[in-house]
Amino acid sequence: MVTAFSVFGSVEARIAGEPVPLGHARQQSVLVALLVDVNKLVPVDRLVDRVWAEDLPQRARSTLQSYLSRLRKSLSGADDTAIQRRAGGYVLTADPAAFDLHRFKQLIDQARTLDDDERARDLFDRALRLWQGQPFGALDTPWLAALRERLVREHLAAELDRNDVVLRLGGHPGLLAPLAGLTEQHPLDERLAAQMMVALYRCGRPADALHHYRNTRIRLSEELGIDPSVTLQRLHQQILVADPTLTLTPSPATITSMPPAVPNPATAGPVTPAAPRPSTAGPVTPAVVPNQLPLARRIVGRSRELDQLTRHLDTVNEGTGTVVITAIGGTAGVGKTTLALSWAQQVRHRFPDGQIYVNLRGFDPTGTPMDPAAAVRGFLDALAYPAERIPVGADAQAGLYRSLVSGKRMLIVLDNARDTDQVRPLLPGSPTCAVVVTSRRQLAGLIAAGQARCISLDVLSRDEARALLHDALGRDRRAEEDAAIDELIHLCSRLPLALTIAGARAHALPHLPLSALVEELRVEHRRIGALSTGDSVSTDLSTVFSWSYQALSPEAARLFRLLGLHPGPDTDASAAAALTGREEIHVRSLLGELTAAHLLHQHHPGRYQFHDLLRAYAAECAVADEPDREQAAATRRLFDHYLCTAHRADHLLDQHRDPITLPPATTRPLGLLDHQQALDWFTAELPVLLAGIRQAANTGLYAHAWRLPWTLHTFLQRRGHWQEWTATQRIALDSAQHDNDPEGLAHCHYGLGVAHSWNGQYNDAYTHLSQALDLYVTLRLDTGRAHTHRAFAWALQHQGRHREALVHAEHTLTFYQAANFLPGQASALNAIGWYHAQLGHLDVALANCNRALVYFQKVGNRTGEAHTWDSLGFIHHSAKHHAEAINCYEQALSLFVDLEDQFLQAETLRGLGLTQQSLGHTSEARDSYTRALRTLDALGHPDAEKLRKHLENLPAPGR
């Protein structure tokens with residue numbers, strides 16, 4: 001007789017199709033508490049907690065036994081189901097496929113791993129049909145309520161995954177009705193909003209798609225006080241410009257999140273969790289197609305150059321065997337970036353594998369061009385390569401980048417390059433890729449070597465300049481003031497940037513004769529020498545800029561010059577508000593005024609940037625027109641904004657990390673609400689924060705210059721920004737020394753030591769960790785001493801020095817106990833247990849890891865609990881306690897699945913398979929190894945080949 005269980009709706013059991021009486025609600029809760037861990041041991045204490053929580057009857061255990069006895073009787077007619085008493089708890093043995101909850105999860109997991117969308121859709125449909133109502137019916141306990149909520153979220157995620165598949169298959173017409181229903185239930189879900197927008201757009205209803213975006217934006221603002229995510233804003237812009245990829249590219253825009261990396265088993269815990277150690281793993285297929293081209297300014301003329309770029313591109317298909325590189329050269333303001341981006345938008349359909357863009361800031365007014373290594377690291381992020389798999393060295397990262405794009409049809413735009421040395425490390429090696437480089441200098445090295453073809457961009461022809469102004473002024477006005485237009489062209493020396501700004505000024509004053517504006521431009525002389533470009537164009541750009549600057553409203557003019565104090569490379573409305581000390585809603589209108597005057601460019605939704613010359617002019621205006629006191633106050637407000645918000649974001653990434661004391665703030669942080677918002681903010685602001693750290697150090701804001709790197713510690717570690725991590729910690733250390741802050745100095749030595757450890761520079765790491773430890777001792781900061789000993793242990797472990805690592809782990813525990821910091825104690829106990837296990841001291845290892853498990857469960861740290869279960873699995877396997885090892889590995893695996901940590905799922909499955917193999921359970925071992933191999937292959941992990949060979953040598957069943 002076969003048993004089937006269902007919990008989606010009311011809780012039911014059927015034997016041979018006939019319903020089984022399950023008793024009252026509390027007894028049904030006991031069955032569900034066993035069912036969700038079908039075929040796994042559920043300890044008695046856990047059963048009691050799941051069924052009663054704090055509302056315990058006087059004789060809870062005997063009552064539990066009574067319920068279990070009745071359930072055994074109800075299920076006695078089944079051949080494949082039993083409730084068995086085991087040491088420490090109970091196990092319900094049954095076929096998981098006959099349980100709707102497990103079947104639901106299995107079908108969803110299978111669907112998500114398929115490359116075949118038709119089959120994936122069928123599996124999603126089968127899974128969703130199992131859902132007959134709210135899980136567990138009327139049953140109500142705290143544990144069931146939490147589990148019900150989680151299952152409801154999983155059900156919604158499955159529906160959204162299915163929607164993505166259906167959109168890829170062209171099923172958008174049939175999605176509109178179900179999407180409308182889901183939107184009513186979940187009006188703030190941005191992924192759902194994106195799907196609705198894509199479906200509406202593909203059904204020929206772009207106006208409705210834009211209306212849906214506006215409604216979503218308003219609700220997010222009113223109910224959560226936030227803007228739409230960058231991804232949703234980008235989709236909005238794509239719809240506005242009728243981006244052909246929305247039709248041609250099968251995958252719709254979706255809102256995704258990156259789960260945090262998880263600590264190494266030996267140091268697992270809630271305090272500054274560490275990602276798995278980086279390696280030089282081979283490439284994996286990018287999870288997304290990068291589409292990084294910024295919005296381009298409207299281009300007028302340049303048809304000859306556009307055709308020339310296309311002719312260069314056509315050589316990709318001629319079998320030349322080399323990368324096609326086009327270098328666009330010319331003076332500042334001549335329109336190099338506009339040409340490159342306008343052309344790139346026109347030909348993007350020829351690059352189905354994606355387009356990558358980077359502003360190399362070769363002539364940034366700060367004098368700090370982008371390091372090529374930082375650009376490569378950004379490319380790896382754009383290609384969605386897992387951060388935990390990124391190698392440490394710059395050369396290794398560059399090699400990985402070339403491997404990822406090899407054979408792919410991709411366009412790479414390298415904007416504003418300083419010289420050949422900055423460009424060369426960023427070139428792909430595959431002839432299927434094309435590269436466009438813009439620079440004020442001739443890239444002689446590339447051109448001389450025959451690697452690049454050059455387009456030298458000159459000022460506009462007179463006809464093109466006239467067309468640009470005609471476009472700005474409108475038909476009626478240009479016919480009346482032809483002579484004035486000619487003089488305006490002459491005064492602007494046919495330079496596109498100057499003409500664009502002049503045209504915007506004239507357009508903003510339609511009732512003023514153009515001849516009057518020309519006269520004003522002719523006689524206006526302001527800061528003539530400050531903006532000399534050193535190029536051949538003999539135009540006084542400062543005069544053109546001052547013309548538009550003086551036409552701004554007083555508040556917009558103040559914002560313009562204060563933005564000259566911003567470190568760049570771009571900003572958003574919240575930072576602009578901090579600079580001015582005004583409310584963000586007011587500053588948004590000022591940003592609109594600057595954008596309309598072409599003094600600022602919104603290159604991505606919500607992100608604003610200057611042309612380099614305008615940035616320099618804004619900074620000059622700040623010096624000339626803003627009192628020193630106001631400049632200092634605005635800069636302080638800006639850095640307070642970044643520091644306070646970064647501190648909040650870091651806490652959302654790691655809630656158990658010790659906070660630091662911030663200097664008195666002059667502004668409020670952004671209201672980030674959750675882990676994903678923190679990740680999104682750090683991702684968007686990282687270039688600004690890196691530039692800001694340097695600027696803070698250079699301008700004497702030392703308190704900010706060492707604290708900002710501290711806030712970046714967790715993010716840089718998890719995202720694998722190894723070089724940036726070390727570089728910012730060096731600046732932090734110098735700044736803390738200038739700030740004469742002993743506690744800051746201790747934190748900075750510690751941070752630099754940890755960064756060196758992750759870069760494999762162990763001698764440097766030990767030097768700085770030793771100095772940090774001395775300072776923490778002097779300051780009597782027990783948590784700092786504990787953190788530092790833990791960092792010592794981690795570094796020693798990775799050198800195979802387990803005995804020395806154990807000594808430091810024991811010190812870690814001592815100081816966490818002195819600080820009464822329970823999460824840290826759990827982390828230390830697990831590390832102690834792990835090192836004892838490596839040294840063969842299994843009894844001691846077991847005792848320490850069991851204590852760690854209790855502590856992790858007490859503080860609710862599921863990541864630490866997962867690692868500790870894995871440690872216990874290794875310990876029991878080493879002691880040949882195979883049944884216990886299997887149970888521990890299964891507990892760890894379940895948690896790692898919930899945490900969505902694929903790599904550690906594979907590691908646990910390997911441990912489980914090894915234990916099953918030791919028991920002679922070859923079939924089960926093969927299944928575990930196969931599941932692990934599937935994951936390692938998907939991650940491109942180098943251990944996949946080793947495991948594949950192990951599987952090949954595994955005896956066949958029955959041998």
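Helices α33 and α34 are roughly antiparallel to each other, a label used for angles over 145 degrees. Their axes cross at roughly 160 degrees and come within 9 Å; axes here are lines fitted to C-alpha atoms, for helices over the stretch in contact, with angles from 0 to 180 degrees between N-to-C directions. The model is predicted, so to speak of local features takes pLDDT of at least 70, and side-chain atom pairs count only at 80 or more, while totals for chains, interfaces and linings use all residues. Residues are numbered from 1 along each chain as its sequence is written, and side-chain values use heavy atoms, with hydrogens and water left out.

Which residues of α33 meet α34? Among them are Tyr762, Leu769 and Tyr776, where contact means heavy atoms within 4.5 Å. On the α34 side, the list includes Arg785, Phe792 and Leu796. The residues of this contact split into 11 nonpolar, four polar and one charged; Ala, Val, Leu, Ile, Met, Phe, Trp, Tyr, Cys and Pro count as nonpolar, Asp, Glu, Lys and Arg as charged, and the others, Gly among them, as polar.

Now for the sheet. Five strands line up as β8-β9-β10-β7-β11 in an open, parallel arrangement; strands are DSSP runs of E with at least two residues, helices runs of H or I with at least four, numbered from the N terminus. Two strands pair if DSSP finds at least two bridges between them. β8 and β11 sit at the edges with a single partner strand each, so one side of each lacks a neighbour in the sheet. Five bridges tie β8 to β9, and Val358 has Leu414 as its bridge partner in β9. Helix α12 lies across β7, β10 and β11, at about 175 degrees to β11.

Terms used
Angles under 35 degrees count as roughly parallel, over 145 as roughly antiparallel, 65 to 115 as roughly perpendicular and the rest as oblique.
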